[in-house]
Each structure stands twice: as structure tokens, then as C-alpha cells.
Amino acid sequence: MKKLKRILCLGLAALLALSLFGCGESGGGQGQGEGSGATPAPQDDSRTYHIATGALGAYNYTLYAGVSDLIEKEYPGKYKISLDAATGSTEMARLVMMGDADFGTSSLDDIIDAFNGVGEFEGLPAGQLRFLYNTGGSGPTCHVFLPKDSDITDVTGLAGKKIGVTAGYMDKYMRIMLRVAGVDESSVEVSYLSIADICSGIQDGTLDAGFYSSPHPFTSLTDLSVTAGMKLLNVGDELVDEIIAQYPFMHKVVVPGGTYQDNDEDVVTFTAYTCWVCRADVPEETVYEWLSVILADSERLAAIHPNAANIKLETALEDRNIPLHPGALKYYQEQNAITTDELADLKPEG
């Protein structure tokens, strides 16, 4: 009997050793470059992190495709990232609120409305968004563009015209501009289109104007100005100043002459800053590590897109209007950019 027990014990010990050896093999080596000598990154959970971005090929999509590559190189094998194209700021905030995306870019006005569950976001779960950083620079410049031979010279000339715009915050900003200019919105025929279709409409004459927000120079308009020609409409200092007076989250933007072919004069327009946000339930470690990659070197971001050089520690917290994510707070505290989150106790108003 003692001999039998001894044999059984030895057998169980052998099985346990084989089991432990097998587990070690299945987890080892994943995500480690050959000959790199680096310690493999610990495997994250099986989730895929979703980043809501703008349209394929637009600034936000290009930027976060590059950012995802930087993160995956810094933490090989640890993070799975999916880029999900969206129509703009409002939809990106909505996707994050609903849990269909973990990260997204949104404008200051959409961020606070989404946090409070009001306006465009009424009825959706409030309090879900957390602040990560201000994207800086000029923000998504509001471009009002016309066929190259258009005789429209100011915003009031858009009355009774056909305008192509993308649904969401771009439509909202266009209507703000029209209202402040005194244009009867009911007289304007609005078509909700992709930027590609808006450019096609300008080229073939089925649209009198297009409205689109993106940092300048914007590739789609660069291409349009070269292939078919287009004219930027100058919104003008006086109207922009009145827009800012009525909507303080806006600021003035000047598109320098020569930014687009055959547009040699400076153009004054407007926009609101955009910021990167995430869901409150994204793990602290994830946010901390991602910010450590993104904000480490603005030159690496500029290599992805020139406008991304404006994403930097010095301006990352400007105009913040909702609480920081705990992982972001940890990062900024370590960088001596902030000591406490004065908005930590902010609660949704809606």
C-alpha cells in the first residue's frame, strides 16, 4: 500500500511539472522581437481597444493609426487596437458614451454636453467621459469652400444655396455661423455627405458650397484645389468675433494665403478646440502607458502628421472642462504638470 501511494504521488508530481512547463511555453516569447534582449511585455486581457476616429484618410484617422503603431511597438503583444471611423466629434463622443469605443476625439462643447447628457446626448448615459489631453494647435479649422468660379463673397451669400456638410458637430458649427450672420437657415438646402461626396459636388456643380472641419492644410481640399480648383470663403474678422462672443468655446483661426492652390489671401475662420477623451472604465494602467507614449515626443507625432506636433505636455491640459482619467492624473502628476484634479468631484448636471 505504501509503495502504491508513493507511485501515485510521483505520478501526480510529474503531471504538475508538465502542466507548469506547458503554461510557461504558451505565454513566453509572445511580442518579443528576436534578438532584442527586451523583457516581453506582460499580456493584457483579451479585449480590443477601440479608438473612434474621423473618416478614413482624414487627420484623426491618420494620426491615431500612427499612434497605435507607436503603442504597439512600445508594448509589443500587449495591446490590440481597432480604429473605428466616425462622422465627427459628436458621433465619437456618443460612441465612447455608449461603450462602442474606448477613446475618441471630441470638441470642447460636445465633451461637456456629453458628460452632462444634454443637447445632442440627451437620454444617453451621462458621466462616462474622462479627459486625456487638448490636441492644441488651431483645432479643426472650419473650411467654407466654393467652386472656383463662384460669385459668393461672404457668408450672407449662402442664403438660398445648396451646401454639403457632414452630420454632427460640423453641421452644428455651420448653423451657428449662418445664424450669427443672419442667414435664414430654412432657405438653405443642406445635404449630409462624406467629405469625398462634398468635394465631388463642388467639382461637378451640384453643390454651391461645402463646409468641413479639419486641421489645415486638409488633404481632401488640397487635392480638390489642384484637380478641379476651389475657393475658400473668408468668414471674416467681424463675423468671427461675433461668433466667439455668442459661443465662447470657439476661437479664431487664420488660414494663411498659399495654403491651398490659387487661394493666395489669408482667410479668417473659426473653430473649437478638440480633445482626446476616454471612457471612465478604461484601466488606469492602459491610459497611463498610452499617454507616456503619445506625449513623450512631439517630433514622433509630427512625423505622423505635421499638425500632431501641437499635441504636447505644455498645452495638454488647456481648457479642460471634465475630470481627468485616473491614469492621466497619475501621468501628469509624475510630469509635475498638475498636483490634483480640481474637477475630480464634478458630477453630470443633466
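Residues are numbered from 1 along each chain as its sequence is written, and side-chain values use heavy atoms, with hydrogens and water left out. Because the model is predicted, local features need pLDDT of at least 70 and side-chain atom pairs count only at pLDDT 80 or more, while totals for chains, interfaces and linings use all residues.

**Exercise 1. Find how the rings of phenylalanine 103 and tryptophan 276 are arranged.**

Step 1. Rings of Phe, Tyr and Trp (its six-membered ring) pair if their centres lie within 6.5 Å, and planes under 30 degrees apart count as stacked, over 60 as edge-to-face and the rest as tilted.

Step 2. The structure holds 15 aromatic pairs; in the pair in question the centres are 4.9 Å apart and the planes stand at 20 degrees, so the pair is stacked.

Step 3. The pair links distant parts of the chain, since phenylalanine 103 belongs to strand β3 and tryptophan 276 to strand β12, 173 residues apart.

**Exercise 2. Describe how α2 and α9 pack, and which residues make the contact.**

Step 1. The angle between α2 and α9 is about 110 degrees, with their axes 10 Å apart.

Step 2. The two helices are therefore roughly perpendicular to each other, given that angles under 35 degrees count as roughly parallel, over 145 as roughly antiparallel, 65 to 115 as roughly perpendicular and the rest as oblique.

Step 3. The crossing of α2 and α9 is right-handed; a crossing is left-handed if the near helix is turned anticlockwise from the far one by less than a right angle, and right-handed if clockwise.

Step 4. Val67, Leu70, Ile71 and Glu74 of α2 meet Trp290, Val293 and Ile294 of α9, a set with six nonpolar residues, no polar ones and one charged.

Step 5. In this sorting Ala, Val, Leu, Ile, Met, Phe, Trp, Tyr, Cys and Pro count as nonpolar, Asp, Glu, Lys and Arg as charged, and the others, Gly among them, as polar.

**Exercise 3. Decide whether α9 and α11 are oblique or roughly parallel to each other.**

Step 1. The axes of α9 and helix α11 (residues 326-334) come within 7 Å and cross at roughly 45 degrees.

Step 2. The two helices are therefore oblique to each other, and their crossing is right-handed.

Step 3. Among the residues in contact are Val287, Tyr288 and Leu291 of α9 and Pro326, Ala328 and Tyr331 of α11; by class, the contact has seven nonpolar, two polar and three charged residues.

**Exercise 4. Give the strand order of the open sheet that contains β6, and describe how β6 pairs with β8.**

Step 1. Five strands form this sheet in the order β7-β6-β8-β5-β9, with mixed pairing.

Step 2. Strand β6 (residues 162-165) pairs with strand β8 (residues 209-213) in the parallel sense over three bridges, and glycine 164 stands opposite glycine 210 in β8.

**Exercise 5. Locate the cis peptide bond and the residue with a positive phi.**

Step 1. Most residues other than glycine have a negative phi, and most peptide bonds are trans.

Step 2. The bond from histidine 216 to proline 217 is cis, with omega near -5 degrees, and proline 217 lies in the loop between β8 and α7 (219-227).

Step 3. Aspartate 262, although not a glycine, has a positive phi of about 65 degrees, and this aspartate 262 lies in the loop between β10 (250-255) and β11 (267-272).

Technical notes:
Axes are lines fitted to C-alpha atoms, for helices over the stretch in contact, and angles run from 0 to 180 degrees between N-to-C directions. Helices (H or I, at least four residues) and strands (E, at least two) are DSSP runs, numbered from the N terminus. Contact means heavy atoms within 4.5 Å. Two strands pair if DSSP finds at least two bridges between them.
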